[in-house]
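Here's a quick briefing to read alongside the sequence and the 3D view. Have both open as you go.

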Amino acid sequence: MAAEQPQGRDGGRRSEVLEKEEENLAYGEFLEGRTRKRQNISKPWMQSYFQGLKYKCEEMLKVALENNPYAKLLLDAMKNSGCVVYRDRHFSCEACDGTVSGGFDALASQIVLCQNTIQSQSQMNRVVTHELIHAFDHCRAHVDWFNNVKHLACSEIRAANLSGDCSLTNEILRFNFGLKRHHQTCVRDRAVRSILAVRKFSKEIAEKAVDDVFESCFNDHEPFGRVPRSRGDAKYAYRDFRNRDRYYANL
Ligand SMILES: [Zn+2]
């Protein structure tokens, strides 16, 4: 990400990938959120209200980047791939359309965190991880986010698979747990829904793109080396990742 110059915040036409992730999924409602909105904050009380939300969001982001093993592993992996991520430059807490919780702005190489919808540290951890997987894909490969639906599908499959979005706890919280509800089905559904939340494709096109690339993208666990099933598991994956680096460095 560092290799790219983020555009100015008034850079005009910025295409972006903002997506709905959370928490009202239990209601099955998917409203669209495609743009980074500018909040019209004119009243002093509103300014302090938004500053408070921003401050809280930035504090949770700091905790996620410093303590969450998923995020730490992804940051290290990006550094190794030549994309150093800086908290102040590549993350932005913003007021979003109330239906999205975060997004990856590919043109600005920036992860947007929605200060008005991210309510807890665990949600922040998950959103940061999900978006960092997109950023990692952006760093390691030439992803055509805007014209190639299969590229987008692949990254959404990986983000849903590896970020904990489809962990058992989250599935239970969303009342989606059932014998027929396998991890794989959850990943497929979420990938399709993420595509539909950010692009005006038909459901059929989104589903076909996900199915076409599912096998290879679902089995691509980089940089984790496996699907981390829990925070503890992510810790081990992080340890293995660091050891892997050490091993390569000694060759
Ligand atoms: Zn996504």
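Buried here means 20 or more other C-beta atoms within 10 Å of a residue's own, with C-beta atoms placed from the backbone. Strands (E, at least two residues) and helices (H or I, at least four) are DSSP runs numbered from the N terminus. Keep in mind that this is a predicted model: local features need pLDDT of at least 70, side-chain atom pairs count only at pLDDT 80 or more, and totals for chains, interfaces and linings use all residues. Residues are numbered from 1 along each chain as its sequence is written.

**Strand 4 and its partners**

- With 5 of its 5 residues (110-114) buried, strand 4 is largely enclosed by the rest of the structure.
- Strand 2 (residues 91-94) runs parallel to strand 4, pairing over 4 bridges (pairing takes at least two DSSP bridges), and Ser-92 sits opposite Val-112.
- Strand 3 (residues 102-105) pairs with strand 4 in the antiparallel sense, also over 4 bridges, and there Gly-103 has Val-112 as its bridge partner.
- The hairpin of strand 3 and strand 4 has 4 residues between the strands, and Ser-109 takes a positive phi near 50 degrees.

**Phe-224 in its loop**

- Phe-224 lies in the loop between helix 8 (203-218) and helix 9 (231-250).
- Phe-224 counts as buried because it has 24 C-beta neighbours inside 10 Å.
- Beyond its neighbours within four places in sequence, Phe-224 contacts (C-beta atoms within 7 Å) Leu-73, Leu-162 and Ala-237.
- Phe-224 and Ala-237 are 13 residues apart in sequence, and their C-alpha atoms are 5.8 Å apart.

How values were computed
A residue is buried if 20 or more other C-beta atoms lie within 10 Å of its own, exposed if 12 or fewer, and partly exposed in between; C-beta atoms are placed from the backbone. Two residues are in contact if their C-beta atoms, placed from the backbone, lie within 7 Å.
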